[in-house]
Amino acid sequence: MEKEIFQCRRCGHCCHGETTVSLTREDLDRMIAHFGLPEEEVIAKYLRVTGKVIQMRVVDGHCIFYRDNGCSVHPARPWRCRQWPLHPSMLTDQANFSAIKDSCPGIRLTDYGDFKRKLAAVLAHRRSEADWG
Ligand code: SF4
Ligand code: SF4
């Protein structure tokens, strides 16, 4: 079902820009385990901390982990990256659907009603962060 509404085109658009997604504590722990390094070293090498907000560093206009047209930490990428672009807000907000569709060429359906029905079915099977792979 997911492939009917979304298939990544690997354009890299979502990994570019001057800001990146915020990491949860679970995201940080996953990254620490992935690199096998102490927390301080992972933060110093790859992340930026602004107050309580932790994000990936931006290098040359993209997330530090974006390499060779893909995500170099794919198995350990943050929850928000896993969720993108199938954000639940699109179930109730057509303007958000339009904005996301315009920025992500992987969204395959242009009819909002059709998209919404199929997204609801996909999300029904994904109740926890772990379900997003
Ligand atoms: S913007 Fe969409 S199609 Fe492009 S890389 Fe990101 S998820 Fe894939
Ligand atoms: S962690 Fe990976 S998927 Fe997320 S913004 Fe960085 S390169 Fe893109």
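## Around ligand 2

The shell around ligand 2 splits into 9 nonpolar, 1 polar and 1 charged residue. The residues surrounding ligand 2 include Cys-15, Cys-63, Cys-71 and Cys-81, along with Phe-65, Tyr-66 and Arg-77. To be near a molecule, a residue needs its C-beta atom, placed from the backbone, within 6 Å of it.

## How to read the model

This is a predicted model, where local features need pLDDT of at least 70, side-chain atom pairs count only at pLDDT 80 or more, and totals for chains, interfaces and linings use all residues. Residues are numbered from 1 along each chain as its sequence is written, while chains are lettered from A and ligands numbered from 1 in the order in which they are written.

## Around ligand 1

Now for ligand 1: its shell has 7 nonpolar, 3 polar and 2 charged residues. Among them are Arg-10, His-13, Trp-84 and Pro-85.

Trp-84 and Pro-85 are joined by a cis peptide bond, with omega about 0°. Pro-85 sits in the loop between α4 (79-83) and α5 (94-103); helices are DSSP runs of H or I with at least four residues, strands are E runs of at least two, and both are numbered from the N terminus.

## Two positive phi angles

Arg-10 isn't a glycine, yet its phi is positive, near 55°. You'll find Arg-10 in the loop between α1 (2-5) and α2 (25-35). Arg-10 is exposed, as it has 11 other C-beta atoms within 10 Å (12 or fewer means exposed, 20 or more buried, in between partly exposed, with C-beta atoms placed from the backbone).

Asp-68, also not a glycine, has a positive phi of about 50°. Asp-68 lies in the loop between β5 (66-67) and β6 (70-71), and counts as exposed with 6 C-beta neighbours inside 10 Å.

How values were computed:
Nonpolar A, V, L, I, M, F, W, Y, C, P; charged D, E, K, R; others polar.
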